[in-house]
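Me: I have a two-chain model open and would like to go through it with you. Could we start with what counts as a contact?

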Amino acid sequence: MIRVVLPPNLRSLARVNGEVQIDVAGQVTQRAVLDALEDRYPVLRGTIRDHVTQRRRPFVRFFACEQDLSHEPPDTALPHRVVEGDEPFLIVGAIAGG
Amino acid sequence: MSVGNQNVTAERLTNDEILRYSRHLVMPEVGMEGQQRLKAARVLCVGTGGLGSPVALYLAAAGVGTLGLMDFDVVDYTNLQRQIIHTTNDVGRPKVESAAEKIAAINPLVNVRKFEARLSSANALEIFREFDIVADGTDNFATRYLVNDACVLTGKPNVYASIFRFEGQASVFAAADGPCYRCLYPEPPPPGLVPSCAEGGVLGILPGLLGLIQATEVIKLILGSGEPLVGRLLLVDAMAMRFRELRLRKSAECPVCGLNPTVTELMDYDEFCGVRGEEAPGAAAVPEIQPEELKRRLEAGEDIFVLDVREPHEYQVCNLGGYLIPVGQLAERVGELDASREIVAHCKGGVRSAKAVEFLRGVGFTKVASLAGGIHAWSDKVDPTVPKY
């Protein structure tokens, strides 16, 4: 079970509270996690990755185990602690309130 | 790293100042030299709202010698839940005047510089050059990018925090060799994807938490002590009371601080953020009805179905007796609506109802309009007993 933390606006959009837990078949990569996330919450399609290119949108970043994975190739395996469910895969989005 | 005037011998402390700052002076990490640095420092608070309130109050109390306060806004009642530098008696007054008054009461030794103006590409560089550090307490993406770019171009650290609902982010951007805001987020989200605090709400205490992190970072930068949040993004989740630290890297491709910058002067940030007409996106494209006309037609007994597209908790605050379907549920619940009847959709301010009308017209509804200005306009123009929130 992979733990995913969404930014607050996307949690509202997907109508979830707190972390999301998803099953990922096969190797646990950014692409596999995001595919599984979008399968379960279709409303998120286009909000994290571009609809057409499937590339990360420039106002969100991916982190895990304190490290910025945003520029990692999407088929790179995620850290072991994410795969084991010890650490979440963080999707961090820009906010602007003050 | 220490930011600001390094020659602080001219900033000798008076006996009154030594007494006032004694809890600083007894700590070797601050001491006489650190307090003199604080006295010599010039910090600009952009925004005197939720974040700017605690930043300005604590920096003034700590003895920062020159505080710039920049805000174009006036105090309103909805500010008082979190903007603690302003009081009920200040409603209607310019925020800069209100804030300056409180600072003078806390520490009359602070030199307050007031800028009652909107930060813009025309004035940012000139103003930033007069300060050592900028604390970003603004509330929209366009100004966030403007503050960042102006900080990079003038070489001033951008002590940053932002908030939404129960969560916040903080960092120190544009410090020497550190990443800037654009390294993290090269482009803003499209208008409407990330609601503002006015739309999505914010826990009143949250800007206190994040603002004090900003104030702490400002003090550390001035003192040249500790580990500043350079190259680190702090995520604060007040509901879980969890603080997460994420490592950031300076981006070689950053358009403003990268190896080959393409942003070498300030730009039109409203255009960059796509916020032209943000008040009511799509409003021009959807039919609207004015509150007075809706009232007249309802009183005349016309068959109009009032559709409230806000959230249930907003309905509890006030309502017009409309049928409630939150705009996010409209697609799956559209079958509950009768396309043969005339429908007037409303929300709080007219943005969500415009989206709802756009959606309904797209699926074949023809007799549908948005209440211009939402329930707030109804309160202003028809029934002042309906509360605004």
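Reply: Two residues are in contact if their C-beta atoms, placed from the backbone, lie within 7 Å. Please keep in mind that this is a predicted model.

Me: Fine. How many residues does the contact take from chain A and from chain B?

Reply: Chain A contributes 17 residues and chain B contributes 34 residues. On the side of chain A that touches chain B, at least two residues each come from helix 1 (8-14), strand 3 (60-64), strand 4 (67-68) and strand 5 (89-93) of chain A.

Me: Which classes of residue are on that side of chain A?

Reply: The side of chain A that touches chain B has 8 nonpolar, 6 polar and 3 charged residues.

Me: Let us stay with chain A. How many helices and strands are there?

Reply: Chain A has 3 helices and 5 strands. Read from the N terminus, its elements follow the order β-α-β-α-β-β-α-β.

Me: And how are the strands arranged in the sheet?

Reply: The 5 strands of chain A form an open sheet in the order 2-1-5-3-4, with mixed pairing. Strand 2 and strand 4 of chain A are the edge strands, each pairing on one side only. Strand 3 and strand 4 of chain A run antiparallel and are joined by 2 bridges. Within that pair, Phe63(A) stands opposite Asp68(A) of strand 4.

Me: What holds strands together in general?

Reply: Strands of a sheet pair through backbone hydrogen bonds, either parallel or antiparallel.

Me: Which residues of helix 2 of chain A are buried?

Reply: Helix 2 of chain A covers residues 30-40, and Gln30(A), Val33(A), Leu34(A) and Leu37(A) are buried there. Seen down the helix axis, the buried residues fall within an arc of 95°, so they line one face of helix 2 of chain A. Among the elements covering them are strand 1 (2-5), strand 2 (20-22), strand 3 and strand 5 of chain A.

Me: Why does the radius of gyration of chain A agree with a compact globule?

Reply: A compact globule of 98 residues would have a radius of gyration near 13 Å, and chain A has 12 Å, so the two agree. The C-alpha trace of chain A spans about 35 × 30 × 25 Å along its principal axes. Buried residues account for 37% of the 98 residues in chain A.

Me: Now chain B. Is strand 4 of chain B covered on one face or on both faces?

Reply: Both faces of strand 4 (residues 133-136) of chain B are covered. Ile133(B) and Ala135(B) are buried on one side, and Val134(B) and Asp136(B) are buried on the other.

Me: What joins strand 4 of chain B to strand 1 and to strand 5?

Reply: Strand 1 (residues 42-46) of chain B runs parallel to strand 4 of chain B, with 4 bridges between them. In that pair, Val46(B) stands opposite Asp136(B). Strand 5 (residues 158-164) of chain B also runs parallel to strand 4 of chain B, through 3 bridges, and Val134(B) has Asn158(B) as its bridge partner there. Strand 4, helix 7 (residues 141-154) and strand 5 of chain B make a right-handed β-α-β unit.

Definitions and conventions
Residues numbered from 1 in each chain as written. Chains lettered and ligands numbered in written order. Predicted model: local features only at pLDDT ≥ 70, side-chain atom pairs only at ≥ 80, totals over all residues. Nonpolar A, V, L, I, M, F, W, Y, C, P; charged D, E, K, R; others polar. Buried ≥ 20, exposed ≤ 12 C-beta atoms within 10 Å, placed from the backbone. Arc of directions from axis to C-beta. Pairing = 2+ DSSP bridges. Right-handed = clockwise from strand over helix to strand, strands pointing away. Rg over C-alpha atoms; globule rule 2.2 N^0.38 Å.
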